Amino acid sequence: MKVAPSILAADPLSMGCDVQRMVDAGTDWIHVDIMDAHFVPNLSFSPALTEALHERFPALPLDVHLMMDEPEKYIDVFIDAGASVLTIHAEIAADVAALLDYIRSRGVKAGLSVKPGTPAEAIRHLLPHADMVLVMTVEPGFGGQAFNPDMLGKLTALREMGYTGLLEADGGISMKNVALLRQHGLDVAVMGTAMFSSADPKADMDAIHAL
Ligand code: DX5
Ligand code: ZN
């Protein structure tokens with residue numbers, strides 16, 4: 001399986017070095033959390049950081065997770081900044097299917113994320129529009145929270161509904177629970193705290209890649 005370290009857990013004053021450490025360890029993607037202080041009670045990064053990462057690491061896929069009420073205002077901005085995967089939430093007011101189709105039309109993978117309280121059934125009609133489903137395993141907004149094991153059932157439910165695209169999970173994922181997630185059909189593990197505080201990220205990534 002693939003790993004996407006979340007830079008929310010990096011040292012903001014050493015961002016370039018911290019991402020380089022993940023690249024040297026063999027990371028697949030880098031996960032960029034964008035928070036608007038409305039959809040979630042926190043603020044994070046600007047499009048400028050995504051652009052700077054893309055310029056410094058042009059071959060590194062940037063997995064941009066828009067935790068925003070109105071992502072439609074920023075889809076072009078983040079695609080132009082260099083996102084390879086762009087994820088929006090199912091819980092927003094906009095026409096989510098149309099936004100996913102638009103992201104795809106720009107040649108970027110379209111991701112659809114669900115908060116813990118949103119059941120798999122609620123996104124059944126959107127699955128044909130998504131290249132990836134991101135199951136939140138914590139309430140979005142902050143790193144370092146505890147993994148919610150009830151979300152394993154959502155991964156299984158999505159597969160049982162016939163969804164064959166990429167499955168990603170985000171929140172509280174560590175070397176202790178990543179194998180269990182894989183057993184439930186996970187393809188991409190977002191890991192913030194666990195990866196940036198790891199004593200040996202290369203050993204951890206090698207183990208994840210072997211799952
Ligand atoms: C939470 C973010 C996550 C967060 C995960 O709202 O979407 O990407 O950075 O952090 P950890 O792995 O520390 O739970
Ligand atoms: Zn995220």
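How much space lies in the largest pocket? The largest pocket holds about 270 Å³ of space, a volume being the space filled by probe spheres set on grid points that are joined across faces, edges and corners. This is a predicted model, in which local features need pLDDT of at least 70 and side-chain atom pairs count only at pLDDT 80 or more, whereas totals for chains, interfaces and linings use all residues. Residues are numbered from 1 along each chain as its sequence is written, chains are lettered from A and ligands numbered from 1 in the order in which they are written, and side-chain values use heavy atoms, with hydrogens and water left out.

**Zinc site**

- The zinc ion (ligand 2) is coordinated by His31 (NE2), Asp33 (OD), His65 (ND1) and Asp170 (OD) at 2.0 to 2.3 Å; donors are N, O and S atoms within 2.8 Å of the metal (3.2 Å for Na, K and Ca).
- The arrangement is octahedral because the 6 donor atoms around the zinc ion (ligand 2) subtend angles of 66 to 166 degrees; six donors count as octahedral if opposite donors are over 155 degrees apart and all others between 65 and 115.
- Along the sequence, the donor residues of this zinc ion follow the spacing H-x1-D-x31-H-x104-D.
- Histidine 31 is buried at a relative accessible area of 0%, and aspartate 33 is buried at 4% (buried means under 20% relative accessible area, exposed over 50%, partly exposed in between, with a 1.4 Å probe and protein chains only).

**Largest pocket**

- A pocket is an open set of points on a 1 Å grid over the protein atoms alone, where a 1.4 Å probe fits, with protein on both sides within 12 Å along at least five of seven lines; lining residues have an atom within 4 Å of a point.
- The lining of the largest pocket comprises 26 residues, of which Gly143, Gly144, Asp170, Gly171 and Gly172 lie nearest its centre.
- At least two lining residues come from each of strand E2 (30-35), strand E3 (62-67), strand E8 (188-191) and helix H7 (193-196); helices (H or I, at least four residues) and strands (E, at least two) are DSSP runs, numbered from the N terminus.

**Ring contact and backbone**

- Lysine 115 lies over the face of phenylalanine 39, at 4.8 Å from the ring centre (the criterion being NZ of Lys or CZ of Arg within 6 Å of the ring centre and within 35 degrees of the ring normal).
- Alanine 37 has a positive phi of about 65 degrees although it is not a glycine.
- Alanine 37 lies in the loop between E2 and helix H2 (47-56) and is partly exposed, with a relative accessible area of 38%.

Definitions and conventions: Tetrahedral: all angles 85-135°; square planar, octahedral: opposite > 155°, others 65-115°.
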